[in-house]
Amino acid sequence: RFAAKKVPVAIATSSVRSSFDKKMAYHKRIVEIANVIVCGDDPELDRGKPHPDIFLLAAKRLGVPEIDKCIVFEDSPAGIQGAKSAGMLAVGIPDARFKQKKYIDKFAMADWVTTSLIHFDEENHIVLET
């Protein structure tokens, strides 16, 4: 949906590039729509999540002038913390394998929490269903 609407897309992952490439070999469509990819071993990156650095670097490379308009989709509490510290909107998508309340509660600082990207309406910034 984002690519069809020409929304700039970045992937900001804590994984080192070699690990990311192996994981994403099975998800080529996601990589193809990404305008920017920032990995945890990027030479311009000083600190990883939960610090905001990786998200700020991705936004800089995308040429995004308004950081507060960025929407970060995250599956980790550390990533949510980093996105919020960067001044970005955050959508938490907790890993379905972890249903314990203590894990889900760590997503409390997200602007929205959902079970899948398909439930997020980017035009209205709402979760349609969880």
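Predicted model: local features only at pLDDT ≥ 70, side-chain atom pairs only at ≥ 80, totals over all residues.
Leaving aside neighbours within four places in sequence, Pro94 is in contact with Tyr103, Ile104, Phe107, Val113 and Thr114. Pro94 sits in the loop between strand 4 and helix 5 (101-104). Its relative accessibility is 14%, and because buried means under 20%, Pro94 counts as buried. One of its contacts, Val113, is 19 residues away along the chain, yet the C-alpha atoms of Pro94 and Val113 are separated by 7.7 Å.

Stepping back to the whole chain, the secondary structure comes to five helices and seven strands. Reading along the sequence gives the pattern β-α-α-β-α-β-α-β-α-β-β-β. Of the 130 residues in the chain, 35% are buried. As for how far contacts reach, take those between residues at least 6 apart in sequence: 43% of them join residues at least 24 apart.

Three of the strands make up an open sheet, in the order 3-4-5 and with parallel pairing. Strand 3 and strand 5 (112-113) are at the edges and have a single partner strand each, so one side of each goes without a neighbour in the sheet. Strand 4 (residues 89-92) and strand 5 run parallel and are joined by two bridges. Here Val91 is found opposite Trp112 of strand 5.

Next come the nonpolar cores. The largest has 19 residues, and the members that touch the most others are Val38, Ile54, Phe55 and Met88. At least two residues each come from strand 2 (36-38), helix 3 and helix 4 (77-85). Helix 3 is the top contributor, giving this core five residues. Apart from this core lies another one, made of six residues, including Ile11, Phe20, Met24 and Cys39. Not counting residues up to four places away in sequence, Ile54 touches Ala12, Thr13, Ser14, Val38, Cys39, Gly40, Leu45, Arg47 and Lys49.

Another loop residue worth a look is Asp42, which is placed between strand 2 and helix 3. With a relative accessibility of 13%, Asp42 counts as buried too. Once residues up to four places away in sequence are set aside, Asp42 touches Leu57 and Arg61.

That leaves the largest pocket, with a volume of about 1,800 Å³. The pocket is lined by 43 residues, and those closest to its centre are Val9, Ala10, Ile11, Phe73 and Leu117. Ile11 has already turned up as a member of the six-residue core. Several elements share in the lining: strand 1 (10-12), helix 1 (17-24), helix 2 (28-33), helix 3 (53-62) and strand 3 (71-74) supply at least two residues each. By residue type, the lining divides into 27 nonpolar, nine charged and seven polar residues.

Definitions and conventions:
Residues numbered from 1 in each chain as written. Heavy atoms only, no water. 1 Å grid on protein atoms, 1.4 Å probe; cavity = no way out; pocket = protein on both sides within 12 Å on 5 of 7 lines; lining within 4 Å. Points joined across faces, edges and corners; volume = space filled by probe spheres on them. Helix = DSSP H or I, 4+ residues; strand = E, 2+ residues; numbered from the N terminus. Nonpolar A, V, L, I, M, F, W, Y, C, P; charged D, E, K, R; others polar. Core = buried A, V, L, I, M, F, W, Y, C linked by side-chain atoms within 4.5 Å. Buried < 20%, exposed > 50% of the residue type's maximum accessible area, 1.4 Å probe, protein only. Contact = heavy atoms within 4.5 Å. Pairing = 2+ DSSP bridges.
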